[in-house]
Amino acid sequence: MNCILVGPPGAGKGTQAKKIVEKFGIVHLSTGDMFREAKKSEEGISKLLASGQLVPDETVVNMIKKRLEKDDVKKGFLLDGFPRTLNQAEELDKMLKTKNIKIDAVFFVDVHFDEAVKRISGRRVCSCGASYHVDFIPPKVEGKCDACNGDLIQRNDDKENVVKDRLDVYEKQTRPLIEYYKKTGLLVNIDGLKNESEVFEEIKKYIKAK
Ligand code: ADP
Ligand code: ADP
Ligand code: ZN
């Protein structure tokens, strides 16, 4: 099974991705996570992330192309945060065609603007990949990760002055993908406003029915 998660920043894609890959034994491909790793060594990327702007298509596409060469994606994969522009979607289609790989579903996890702002503002993350929310999904001990006891931090681009810019980038550059995938018949609408487990139930129901 190969799937894609799309939706605005803060919709809950990363949270659902963790549950999906665990349940179905597929590989999680998060371009955001990959760039956060890369930014430790690359200044250009670091600046783009901090300002909420997208990394150039060519960079992202090449990174995904390389990642799809690895053997583990044969188990199936979940793309989280890619594609994010129409051009990226077209490049992905080309890539998959030459490899004879098919996408089974594109889950569109949607929340409205105000909810996205609330979720992003309260997000706290651990270096182990776990993510929490100060009000909605709090850790057992404040500031500490349930899974590894690591310190929770706020992402730089989750600070208030960047959040609106990121949502703006989403509206302009990523939202057009919804129409694109609707036309392919792969789009599955998921109500992201429900709680974490309800959203997961919806996605699971769809995958199992397939
Ligand atoms: P995305 O990957 O789409 O940017 P995340 O999965 O990181 O989003 O979730 C954004 C924030 O919202 C996090 O703080 C997360 O704990 C919280 N969150 C995720 N899903 C839900 C939900 N269904 N209800 C309330 N809060 C949620
Ligand atoms: P969120 O889901 O909260 O918006 P991500 O972790 O998916 O955050 O992405 C963080 C940042 O990484 C983005 O703001 C952007 O700078 C960069 N990024 C991630 N995926 C892509 C992509 N497919 N194309 C361009 N930039 C990307
Ligand atoms: Zn942790």
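In which sense do strand S4 (residues 105-110) and S7 pair, and over how many bridges? In this predicted model, the two strands pair in the parallel sense, and five bridges join S4 to S7. Within this pairing, Val109 stands opposite Ile190 in S7.

The pair belongs to an open sheet of five strands, arranged in the order S2-S3-S1-S4-S7 with parallel pairing. Strand S2 (27-30) and strand S7 (187-191) stand at the edges of the sheet; each has a single partner strand, so one side of each is left without a neighbour in the sheet. On average, and with direction ignored, neighbouring strands of this sheet are turned by 20° against each other. In general, strands of a sheet pair through backbone hydrogen bonds, either parallel or antiparallel.

The chain as a whole contains nine helices and seven strands. Its radius of gyration is 16 Å, close to the 17 Å that the globule rule gives for 210 residues, and the chain is therefore as compact as a globular protein of that length. The C-alpha trace spans about 45 × 40 × 35 Å along its principal axes.

Buried residues, those under 20% relative accessible area, make up 44% of the 210 residues in the chain. Of the contacts in the chain with a separation of 6 or more, 72% are accounted for by residues 24 or more positions apart. The chain exposes about 11300 Å², and carbon and sulfur atoms supply 50% of this area.

Terms used
Residues numbered from 1 in each chain as written. Chains lettered and ligands numbered in written order. Predicted model: local features only at pLDDT ≥ 70, side-chain atom pairs only at ≥ 80, totals over all residues. Heavy atoms only, no water. Pairing = 2+ DSSP bridges. Helix = DSSP H or I, 4+ residues; strand = E, 2+ residues; numbered from the N terminus. Axes fitted to C-alpha atoms, helices over the stretch in contact; angles between N-to-C directions. Rg over C-alpha atoms; globule rule 2.2 N^0.38 Å. Buried < 20%, exposed > 50% of the residue type's maximum accessible area, 1.4 Å probe, protein only. Contact = heavy atoms within 4.5 Å. Areas by Shrake-Rupley, 256 points an atom, 1.4 Å probe, with all protein chains shown as cover.
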